[in-house]
Amino acid sequence: MAVEDQRADKTIRKILVGAMNALSRRGTHKLSVSDICESSGVARGTFYRYFSSREDVLVALREHFKEGVAESLATAIKRQPDPAVRVQVVLDTIIDPRAAGGDWSQMFDVAPAFTVAFIRDTFPNLVDVLAEALGPAANESPLVTGGMLTKRQLADLFLRSVMSMVFLPGNRSDEVPALILSLFKTRPTREDEPRRRSRSRAS
């Protein structure tokens, strides 16, 4: 990639990150090009070199969001590739607000219609990203090995559970991560049972 193309990609990303942050504060009705420029730290002339309007930016945010989540997951997995902790790594990354690029609970408060439409439009692609990131952990889930769910359906359930924690906070929302982790716990086989009983007697 040419240096000029790299610079353009970096500027576009900067504008989109700024737009997400501004959107979290201002909502769609109050959001202006000036807000986006101020939040991203670019001049209006630079903004209009890459986008024709704020609506143009809002459309581009969908792909930016999906790519940002995918990159965050890839980085986290590369840092901790052990399949034994894959579910925890994916869960921690998805919950981390830096992966989303904005405060979603705040965005839901200031722009509920846009936020619901945004999640609805990006959800299928995010499920695909999540299914790929879970990889071997999804293959070994008892729900998948038992034929109750496909890998993609498991990723769908995973993501819906996380979304409920973000958008429907409550007294028991802190239990959601444990619930998600339980979806991937393998059940002991019949061969494992004698070993478990012998360990229990020994202790």
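The model is predicted. Its largest nonpolar core holds 56 residues, and L61, L130, L134, F158 and F184 touch the most other members. Helix α8, residues 112-134, supplies the largest share of this core, with eleven residues.

- In soluble globular proteins, nonpolar side chains tend to be buried together.
- Leaving aside residues up to four places away in sequence, L134 is in contact with R86, V87, V90, A155, F158 and F184.
- F158 has a relative accessible area of 0%, and F184 has a relative accessibility of 10%.
- Both F158 and F184 therefore count as buried, since the cut-off is under 20% relative accessible area.

**Aromatic pairs**

- The structure contains five aromatic pairs.
- One of these is formed by F158 and F184 in an edge-to-face arrangement, with 6.0 Å from centre to centre and 75° between the planes.
- This pair links distant parts of the chain, as its two residues lie 26 residues apart.
- F158 belongs to helix α11 (residues 151-167), whereas F184 sits in the loop between α12 (176-182) and α13 (192-202).
- Elsewhere, F47, Y48 and F51 are linked into a cluster by ring pairs.

**Helix α2 and the residue after it**

- Helix α2 spans residues 33-40, and its buried residues are V33, D35, I36, C37 and S40.
- Just after α2 comes G41, which takes a positive phi of about 75°.

Definitions and conventions. Residues are numbered from 1 along each chain as its sequence is written. This is a predicted model: local features need pLDDT of at least 70, side-chain atom pairs count only at pLDDT 80 or more; totals for chains, interfaces and linings use all residues. Side-chain values use heavy atoms; hydrogens and water are left out. A nonpolar core is a set of buried Ala, Val, Leu, Ile, Met, Phe, Trp, Tyr and Cys residues joined through side-chain atoms within 4.5 Å. Buried means under 20% relative accessible area, exposed over 50%, partly exposed in between (1.4 Å probe, protein chains only). Helices (H or I, at least four residues) and strands (E, at least two) are DSSP runs, numbered from the N terminus. Contact means heavy atoms within 4.5 Å. Rings of Phe, Tyr and Trp (its six-membered ring) pair if their centres lie within 6.5 Å; planes under 30 degrees apart count as stacked, over 60 as edge-to-face and the rest as tilted.
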